[in-house]
Amino acid sequence: MSDLRLKFIDADGSDMSFEASDGLVTIGRHSNNSLVIADGRLSREHLRLEREGPNWYAEDLGSSNGTTLNGEPLRDQQRLKDGDKLSLGGLEIAVEIEQAPAAESAVQAMPPVQTNIPAAPATPVSAEPSSGGLSFSFILIAPALGLIVILIAGGVLYFSGKKSETDANDITYSTPEGSSTPSADATPVAAQTENASTPETPSSTPTKEDTATQKVEKFAAQFMRKAAGNDPRYFLTGAQAAEVAKRVQSMSGAVKANLPTIAKRSGELSKLAAANGLNPDFLAAAGLAKLGSGRGDAFAAASSMAGVFSRLTGPVGNELGDDCLLMVAAYDQGAAGDFLKLRNMLQDLATKVNNVPAREIRSIWYLNKTGKITPQEYELALRFLAAGTIMQDPASF
């Protein structure tokens, strides 16, 4: 485990030091925090530090003035290192992490082998004269030993041959529907065994609905990992994928018809996205989502949205997949000139809701469930996810 120590200068100018007593530390102005700092720059619940194994991770709790780690905005959970500098709304905190000695150093050396143990007494040798030939008992068991050796060798050869026969068919790979070759990220399915010919029970056979949801789970996660600035672990739950699958079904024809308008001007789209601090995949899916089930110029739709999204990246962010979905949900607010409405609501929720993790609060799924965003805002975000999903492999939908 690691020992965590935080050092900072309080409002009175005194040097302060705080040592973590367990694996969870919360920092803020409220008295419920592990470390209470009476500084107006901090939120009531500003920052969470949590230990996972030997490492400590920091996560901003939706604070008003934000948190930086070594000068960079802190988004999601980030691992801390000894010597890191945290800034909580301007309050500088130095991080000291003392690593425990390696496990092997704690292992005591084994005591030297004792060398003065008395030798065991020698076994007396029979004084009977040797006949000079093989013993009678050996002659009796020799044929049995030979038979055993032959059986073992035959068994090894037999099973080696069976393995070589089945190796080629041991694992198969699932591919997207409509593709004749395995995809680069194909998923291994159950190995074929000698009893593979046994028919499966009806309950083990996936339905079309299950297959569609599974494809959405795969391709939606693949899309969001591209669209977000830094979220390699993004995934959808089965229930969320089922919601997106409904939009995929209704939008599939239109998205595939509108994709060529994006492809023909992909170079221009990339430049437009870069100029506005956006990801090209994000902007393309947003344009397709705006058209929904209608036909039109997706490039023109994406171009018309770029400026609004550019101004939403500051208050909402686009590093994580959930942030990207929040930006899309907030598009109509931004188009109406209110770029801070969603951010202010999220900060208010972070201070009032104590039993829900900050990351869950910052998601369209939670905000829709609690009625904090309108059905129209939620729908646009789902269409965005559906469009991005279809973009990954149009032939599968």
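**Figure 1. Close-up of Arg 5 and its partner Glu 96 in the predicted model.** Arg 5 is partly exposed, its relative accessible area being 23%. Glu 96 is likewise classed as partly exposed, with a relative accessibility of 26%. A salt bridge joins Arg 5 to Glu 96, and the closest N and O atoms are 3.2 Å apart. Because Arg 5 belongs to strand E1 (residues 2-9) and Glu 96 to strand E11 (residues 91-99), this pair ties together parts that are 91 residues apart in sequence. The contact belongs to a network of salt bridges that links Arg 5, Lys 7, Glu 19 and Glu 96.

**Figure 2. Close-up of the salt bridge between Asp 76 and Arg 359.** The two side chains meet at 2.9 Å, N to O. Asp 76 is located in the loop between strand E8 (72-73) and strand E9 (77-79), whereas Arg 359 is part of helix H10 (residues 358-361); the pair thus links distant parts of the chain, 283 residues apart. Asp 76 counts as buried at 15% relative accessibility, while Arg 359, at 30%, counts as partly exposed.

**Figure 3. Close-up of the salt bridge between Glu 379 and Arg 247.** The side chains of Glu 379 and Arg 247 meet at 2.8 Å, N to O. Glu 379 lies in helix H12 (residues 375-392) and Arg 247 in helix H3 (residues 238-263), and the pair links distant parts of the chain, 132 residues apart. Glu 379 is partly exposed, with a relative accessible area of 25%; Arg 247 counts as buried, at 14% relative accessibility. A search of the whole structure finds 14 salt bridges.

Technical notes. Residues numbered from 1 in each chain as written. Predicted model: local features only at pLDDT ≥ 70, side-chain atom pairs only at ≥ 80, totals over all residues. Heavy atoms only, no water. Salt bridge = Lys/Arg side-chain N within 4 Å of Asp/Glu carboxyl O. Helix = DSSP H or I, 4+ residues; strand = E, 2+ residues; numbered from the N terminus. Buried < 20%, exposed > 50% of the residue type's maximum accessible area, 1.4 Å probe, protein only.
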